[in-house]
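Biologist: Can you take me through this one? I have the sequence and the structure open.

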Amino acid sequence: MRTMRRRAEDYGEHSQQERDFPEPERRAILTGGRALEEAPEIRGVPTGVEGLDGLFYVATDEGKKILGGIPAYSVFNITGVSDTGKSLMVEQFAVEQARRGERVAFITVETPANFLVAGLKLRAQAMGYSFEEFEDNLILIDAASYGHIRDDVLELLSTLAYAIQTYKVRFTVIDSVTGLFENKEMMARAVVRRLYNFLKRWYQTALLVSQKRSGHEELTAEAAGGYAVGHIVDGTMVLAKELIDSPYKARFYGREVGDIVRLFRIDGCRLCGHDTRTHLMEITETGLVKILEPLGGRGWSSR
């Protein structure tokens, strides 16, 4: 009897708490069928990075179907220490989309726009494209020169929204997102969450460059701001480099002592399956990133 009375009292207390709740946000409640009506088709977006597009797949009745690119409308984190090819990779991506006739918003946080565009032109030439044919498909947002939009996320998003609406942008690159929470890493998760939600709402396919601290393990998804940053986005690509400083490493990689080996790994993708292996990577003399053969055996996964 005592137990029953206690439960009745608890129920009364909870009922009072519920009466104090604010009005529910009914728009946030959807059935699966209703949500599916607004779900985008899973298709691949070619990246312009040799060896990368074949690493993403979807499962079908016939087996694995290679997407031929990163999944459309995904937001990917590209992380690594300095000089691992992060900026080169996203520049290739931006050039490839512009060459295909798409408008790309490139938010440059580190390099002024006039210097960035010179690098994009070089990247296009290395890829065998005539930059002048599509240069105006690249919409540059210069957060490096205009610090007030770099330091105010709301102003940055307002500027990006204007660019998306004005130029019909479907692709966004931010290099680097780390620069948006410089010296205030405790805010990193909040900044990235706001960016991620905005990019999803505007149906953008996006790449966000994140800088690793020098003390971070090379092949982890961690970046400045911690692991939580990578957990918010749809997936992470990790770029790394390793100095061959011992005979063991020289034998393992088939290189000479003193060489640098570059590595690449996809650390999860919510929207589709992906190759889980660590791959060798190359930066060519003309400044292009290429994904090469895997180090080990075959492995497939989905996040």
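Modeller: Start with strand 2 and strand 3 (residues 63-66), which pair in the antiparallel sense over four bridges. Strands here are DSSP runs of E, at least two residues long, numbered from the N terminus, and two of them pair if DSSP finds at least two bridges between them. This is a predicted model, where local features need pLDDT of at least 70, side-chain atom pairs count only at pLDDT 80 or more, and totals for chains, interfaces and linings use all residues. Residues are numbered from 1 along each chain as its sequence is written, and side-chain values use heavy atoms, with hydrogens and water left out.

Biologist: How many residues are between strand 2 and strand 3 in the hairpin?

Modeller: Two residues. Across the pairing, Y57 has I66 in strand 3 as its bridge partner.

Biologist: Which residue in strand 12 does F56 stand opposite?

Modeller: H274. Strand 2 (residues 56-60) also pairs with strand 12 (residues 273-275), in the antiparallel sense over two bridges.

Biologist: New topic, helix 3. How many residues does it have?

Modeller: Helix 3 has 14 residues, 86-99. A helix here is a DSSP run of H or I with at least four residues. From first C-alpha to last, helix 3 reaches 20 Å, close to the 20 Å expected at 1.5 Å a residue; the expected span is 1.5 Å times one less than the number of residues.

Biologist: Why is helix 3 largely enclosed by the rest of the structure?

Modeller: Because twelve of its 14 residues are buried. Buried means under 20% relative accessible area, with a 1.4 Å probe and protein chains only. Among the buried residues are M89 and F93. After helix 3 comes G101, with a positive phi near 90 degrees.

Biologist: What about cavities of 30 Å³ or more, how many are there?

Modeller: Two. A cavity is a set of points on a 1 Å grid over the protein atoms alone where a 1.4 Å probe fits but cannot get out, and lining residues have an atom within 4 Å of a point. Points are joined across faces, edges and corners, and the volume is the space filled by probe spheres set on them. The largest cavity has about 40 Å³.

Biologist: Which residues line the largest cavity?

Modeller: T47, V49, L52, I70, M89, F93, L207 and M237. M89 and F93 are also among the buried residues of helix 3.

Biologist: And the second largest cavity, what volume?

Modeller: About 30 Å³. Its lining is R43, V45, A72, Y73, R170, F171 and T205.

Definitions and conventions:
On a 1 Å grid over the protein atoms alone, a cavity is a set of points where a 1.4 Å probe fits but cannot get out, and a pocket is an open set with protein on both sides within 12 Å along at least five of seven lines; lining residues have an atom within 4 Å of a point. Buried means under 20% relative accessible area, exposed over 50%, partly exposed in between (1.4 Å probe, protein chains only).
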